Amino acid sequence: MTGARRARRRSGWFSKNVAALASLVVTVPLAGWWTTKSDYKSWYDAEPRDAVVVADGGTSYQGAVWYAASVEENPEPKRAGAEDPLPPDTTRIRVHFRLQVDDIKTLDEPGLGGCRPHLRASDGRIWDEDILADDYQDRPNSCTGGYDDKPQSWRGQSAQYYVKPAAGKPYEIAAVFVVPKSVAAEVQPTITWATKVPEYLAFPR
(Lines give C-alpha, C1' and ligand atoms only; values in the text may rest on other atoms or scores of the structure.)
Protein backbone atom coordinates (compact mmCIF):
# COMPACT_ATOMS: atom_id res chain seq x y z
CA MET A 1 0.00 0.00 0.00
CA THR A 2 1.44 3.36 -1.03
CA GLY A 3 1.83 6.29 1.35
CA ALA A 4 -0.85 8.23 -0.53
CA ARG A 5 -3.40 5.42 -0.08
CA ARG A 6 -2.59 5.10 3.62
CA ALA A 7 -3.04 8.84 4.06
CA ARG A 8 -6.43 8.73 2.30
CA ARG A 9 -7.59 5.82 4.46
CA ARG A 10 -6.45 7.59 7.64
CA SER A 11 -8.21 10.75 6.56
CA GLY A 12 -11.35 8.80 5.82
CA TRP A 13 -11.27 7.15 9.23
CA PHE A 14 -10.96 10.50 11.01
CA SER A 15 -13.76 12.02 8.97
CA LYS A 16 -16.05 9.12 9.83
CA ASN A 17 -15.23 9.26 13.53
CA VAL A 18 -14.91 12.99 14.06
CA ALA A 19 -18.16 13.11 16.05
CA ALA A 20 -17.04 10.33 18.39
CA LEU A 21 -13.63 11.95 18.89
CA ALA A 22 -15.23 15.30 19.63
CA SER A 23 -17.49 13.61 22.14
CA LEU A 24 -14.47 12.06 23.89
CA VAL A 25 -12.71 15.41 24.01
CA VAL A 26 -15.71 16.82 25.89
CA THR A 27 -16.76 13.75 27.90
CA VAL A 28 -13.42 12.68 29.42
CA PRO A 29 -12.56 16.05 31.03
CA LEU A 30 -16.19 16.46 32.10
CA ALA A 31 -16.21 13.03 33.76
CA GLY A 32 -12.94 13.81 35.51
CA TRP A 33 -14.27 17.15 36.71
CA TRP A 34 -17.52 15.59 37.94
CA THR A 35 -15.68 12.82 39.82
CA THR A 36 -13.31 15.31 41.42
CA LYS A 37 -16.20 17.57 42.37
CA SER A 38 -18.13 14.65 43.89
CA ASP A 39 -15.10 13.46 45.88
CA TYR A 40 -14.43 16.99 47.12
CA LYS A 41 -18.07 17.46 48.17
CA SER A 42 -18.03 14.14 50.07
CA TRP A 43 -14.84 15.17 51.86
CA TYR A 44 -16.09 18.69 52.53
CA ASP A 45 -19.44 17.51 53.92
CA ALA A 46 -17.68 15.09 56.28
CA GLU A 47 -15.00 17.54 57.47
CA PRO A 48 -15.58 19.27 60.84
CA ARG A 49 -15.01 22.95 60.09
CA ASP A 50 -17.59 25.02 62.00
CA ALA A 51 -16.27 25.54 65.52
CA VAL A 52 -18.66 25.87 68.44
CA VAL A 53 -16.36 27.62 70.89
CA VAL A 54 -16.81 26.74 74.55
CA ALA A 55 -17.38 29.89 76.62
CA ASP A 56 -15.82 30.58 80.00
CA GLY A 57 -19.13 30.08 81.76
CA GLY A 58 -19.99 26.90 79.91
CA THR A 59 -21.66 26.02 76.62
CA SER A 60 -24.67 23.73 76.11
CA TYR A 61 -24.16 21.14 73.39
CA GLN A 62 -25.35 17.58 72.75
CA GLY A 63 -27.37 17.42 75.96
CA ALA A 64 -24.55 18.55 78.26
CA VAL A 65 -22.92 21.75 79.48
CA TRP A 66 -19.22 21.91 78.55
CA TYR A 67 -16.60 23.87 80.45
CA ALA A 68 -12.99 24.86 79.85
CA ALA A 69 -10.53 22.01 79.26
CA SER A 70 -7.13 21.67 80.93
CA VAL A 71 -4.04 20.64 78.98
CA GLU A 72 -0.97 18.86 80.37
CA GLU A 73 2.19 18.47 78.33
CA ASN A 74 4.43 15.48 79.06
CA PRO A 75 2.28 14.22 81.97
CA GLU A 76 3.48 11.65 84.48
CA PRO A 77 2.05 8.16 84.09
CA LYS A 78 -0.55 7.10 86.60
CA ARG A 79 1.40 3.91 87.34
CA ALA A 80 4.83 4.32 88.93
CA GLY A 81 7.69 3.00 86.83
CA ALA A 82 5.67 2.83 83.63
CA GLU A 83 7.68 3.52 80.49
CA ASP A 84 6.26 4.12 77.06
CA PRO A 85 8.90 5.39 74.60
CA LEU A 86 7.76 7.98 72.09
CA PRO A 87 8.85 8.58 68.49
CA PRO A 88 11.64 11.20 68.11
CA ASP A 89 10.65 14.85 68.48
CA THR A 90 7.19 14.04 69.84
CA THR A 91 5.57 14.57 73.21
CA ARG A 92 2.52 13.37 75.04
CA ILE A 93 -0.47 15.65 75.71
CA ARG A 94 -3.20 14.82 78.21
CA VAL A 95 -6.43 16.79 78.06
CA HIS A 96 -9.14 16.81 80.73
CA PHE A 97 -12.56 17.74 79.40
CA ARG A 98 -15.16 18.86 81.93
CA LEU A 99 -18.90 18.56 81.38
CA GLN A 100 -22.17 18.35 83.27
CA VAL A 101 -25.58 16.81 82.66
CA ASP A 102 -28.73 17.80 84.50
CA ASP A 103 -30.41 14.46 83.81
CA ILE A 104 -28.47 11.20 84.06
CA LYS A 105 -30.82 9.67 81.48
CA THR A 106 -29.06 11.87 78.93
CA LEU A 107 -26.07 9.53 79.16
CA ASP A 108 -28.15 6.65 77.78
CA GLU A 109 -29.41 8.60 74.79
CA PRO A 110 -27.69 8.51 71.39
CA GLY A 111 -25.32 11.40 70.86
CA LEU A 112 -23.27 12.20 73.92
CA GLY A 113 -21.52 8.84 74.01
CA GLY A 114 -20.40 9.19 70.40
CA CYS A 115 -17.91 11.95 71.13
CA ARG A 116 -14.42 11.77 69.63
CA PRO A 117 -11.67 13.92 71.19
CA HIS A 118 -8.98 15.39 68.94
CA LEU A 119 -6.18 17.94 68.97
CA ARG A 120 -6.12 20.48 66.16
CA ALA A 121 -3.16 22.61 65.04
CA SER A 122 -3.45 26.04 63.45
CA ASP A 123 -2.35 24.62 60.08
CA GLY A 124 -5.34 22.25 60.02
CA ARG A 125 -3.61 19.05 61.12
CA ILE A 126 -5.66 16.86 63.48
CA TRP A 127 -4.55 14.15 65.90
CA ASP A 128 -6.75 11.42 67.36
CA GLU A 129 -6.26 10.21 70.90
CA ASP A 130 -3.69 7.53 71.66
CA ILE A 131 -5.92 4.64 72.71
CA LEU A 132 -2.88 2.57 73.75
CA ALA A 133 -1.70 5.06 76.39
CA ASP A 134 -3.34 3.26 79.33
CA ASP A 135 -0.57 4.20 81.77
CA TYR A 136 -1.29 7.90 81.14
CA GLN A 137 -5.07 7.69 81.19
CA ASP A 138 -6.28 8.91 84.59
CA ARG A 139 -9.95 9.44 83.71
CA PRO A 140 -12.57 7.65 81.61
CA ASN A 141 -12.22 8.55 77.93
CA SER A 142 -15.92 8.43 77.07
CA CYS A 143 -18.20 11.44 77.39
CA THR A 144 -20.65 9.27 79.31
CA GLY A 145 -18.16 9.07 82.19
CA GLY A 146 -17.22 6.07 84.28
CA TYR A 147 -18.46 4.07 87.26
CA ASP A 148 -16.10 5.06 90.08
CA ASP A 149 -17.60 7.50 92.58
CA LYS A 150 -14.97 7.16 95.32
CA PRO A 151 -13.57 10.45 96.64
CA GLN A 152 -9.98 9.17 96.36
CA SER A 153 -10.48 8.92 92.61
CA TRP A 154 -10.79 12.67 92.29
CA ARG A 155 -7.95 14.41 90.48
CA GLY A 156 -6.56 16.52 93.33
CA GLN A 157 -8.27 18.57 96.02
CA SER A 158 -8.82 21.52 93.68
CA ALA A 159 -10.64 19.52 91.01
CA GLN A 160 -13.28 17.38 92.69
CA TYR A 161 -15.15 16.35 89.60
CA TYR A 162 -16.80 12.98 89.93
CA VAL A 163 -15.64 10.22 87.62
CA LYS A 164 -19.11 8.72 87.90
CA PRO A 165 -21.53 11.37 86.62
CA ALA A 166 -24.01 12.85 89.04
CA ALA A 167 -26.88 15.06 87.92
CA GLY A 168 -26.01 18.74 88.13
CA LYS A 169 -22.33 18.17 89.02
CA PRO A 170 -19.37 18.54 86.66
CA TYR A 171 -17.30 15.47 85.92
CA GLU A 172 -14.16 14.93 83.87
CA ILE A 173 -13.02 12.69 81.08
CA ALA A 174 -9.50 12.55 79.66
CA ALA A 175 -7.83 11.91 76.33
CA VAL A 176 -4.12 11.31 75.69
CA PHE A 177 -2.39 12.30 72.45
CA VAL A 178 1.07 12.06 70.91
CA VAL A 179 2.00 15.12 68.83
CA PRO A 180 5.16 16.74 67.42
CA LYS A 181 6.93 18.93 69.96
CA SER A 182 6.78 21.80 67.48
CA VAL A 183 3.00 22.12 67.92
CA ALA A 184 2.60 21.03 71.55
CA ALA A 185 2.17 24.59 72.81
CA GLU A 186 -0.53 25.53 70.32
CA VAL A 187 -2.73 22.49 69.69
CA GLN A 188 -6.37 23.08 70.57
CA PRO A 189 -8.58 20.42 72.19
CA THR A 190 -11.68 19.63 70.15
CA ILE A 191 -14.50 17.10 70.21
CA THR A 192 -16.45 15.91 67.18
CA TRP A 193 -19.58 13.86 66.58
CA ALA A 194 -20.30 12.02 63.35
CA THR A 195 -23.91 13.10 63.70
CA LYS A 196 -23.04 16.80 64.03
CA VAL A 197 -20.68 17.31 61.08
CA PRO A 198 -19.61 19.95 60.11
CA GLU A 199 -19.80 21.33 63.66
CA TYR A 200 -17.27 20.57 66.36
CA LEU A 201 -16.61 21.72 69.92
CA ALA A 202 -13.49 23.86 70.32
CA PHE A 203 -11.88 24.49 73.72
CA PRO A 204 -9.71 27.61 73.97
CA ARG A 205 -6.30 27.19 75.60
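**The disulfide and its surroundings**

Modeller: Both cysteine 115 and cysteine 143 are buried, where buried means under 20% relative accessible area, exposed over 50%, and partly exposed in between, with a 1.4 Å probe and protein chains only. The model is predicted: local features need pLDDT of at least 70 and side-chain atom pairs pLDDT 80 or more, while totals for chains, interfaces and linings use all residues. Residues are numbered from 1 along each chain as its sequence is written, and side-chain values use heavy atoms, without hydrogens and water.

A disulfide joins these two cysteines, with 2.0 Å from S to S; the term stands for a pair of cysteine sulfur atoms within 2.5 Å. By this rule the count is one disulfide. The torsion about the S-S bond of cysteine 115 and cysteine 143 is about 105 degrees, so this disulfide is right-handed. The pair links distant parts of the chain, 28 residues apart: cysteine 115 is in the loop between β4 and β5 (116–120), and cysteine 143 in the loop between β6 (126–128) and β7. Strands (E, at least two residues) and helices (H or I, at least four residues) are DSSP runs, numbered from the N terminus. The chain has one helix and nine strands.

Cysteine 143 also touches leucine 112. Leaving aside neighbours within four places in sequence, leucine 112 is in contact with several residues, among them Cys143, Trp66, Leu99, Tyr171 and Trp193; contact means heavy atoms within 4.5 Å. Leu112 is, with Trp66 and Ile191, among the residues with the most contacts inside the largest nonpolar core, which has 29 residues. Such a core is a set of buried Ala, Val, Leu, Ile, Met, Phe, Trp, Tyr and Cys residues joined through side-chain atoms within 4.5 Å. β3 (64–73), β4 (90–100) and β7 (171–180) each supply at least two residues of this core, and β7 gives the most, with five residues.

Those strands belong to an open sheet of four, in the order β2-β3-β4-β7, with antiparallel pairing; two strands pair if DSSP finds at least two bridges between them. β2 (59–61) and β7 stand at the edges with a single partner strand each, so one side of each is left without a neighbour in the sheet. Within the sheet, β3 and β4 pair over seven bridges, and arginine 94 in β4 is the bridge partner of glutamate 72.
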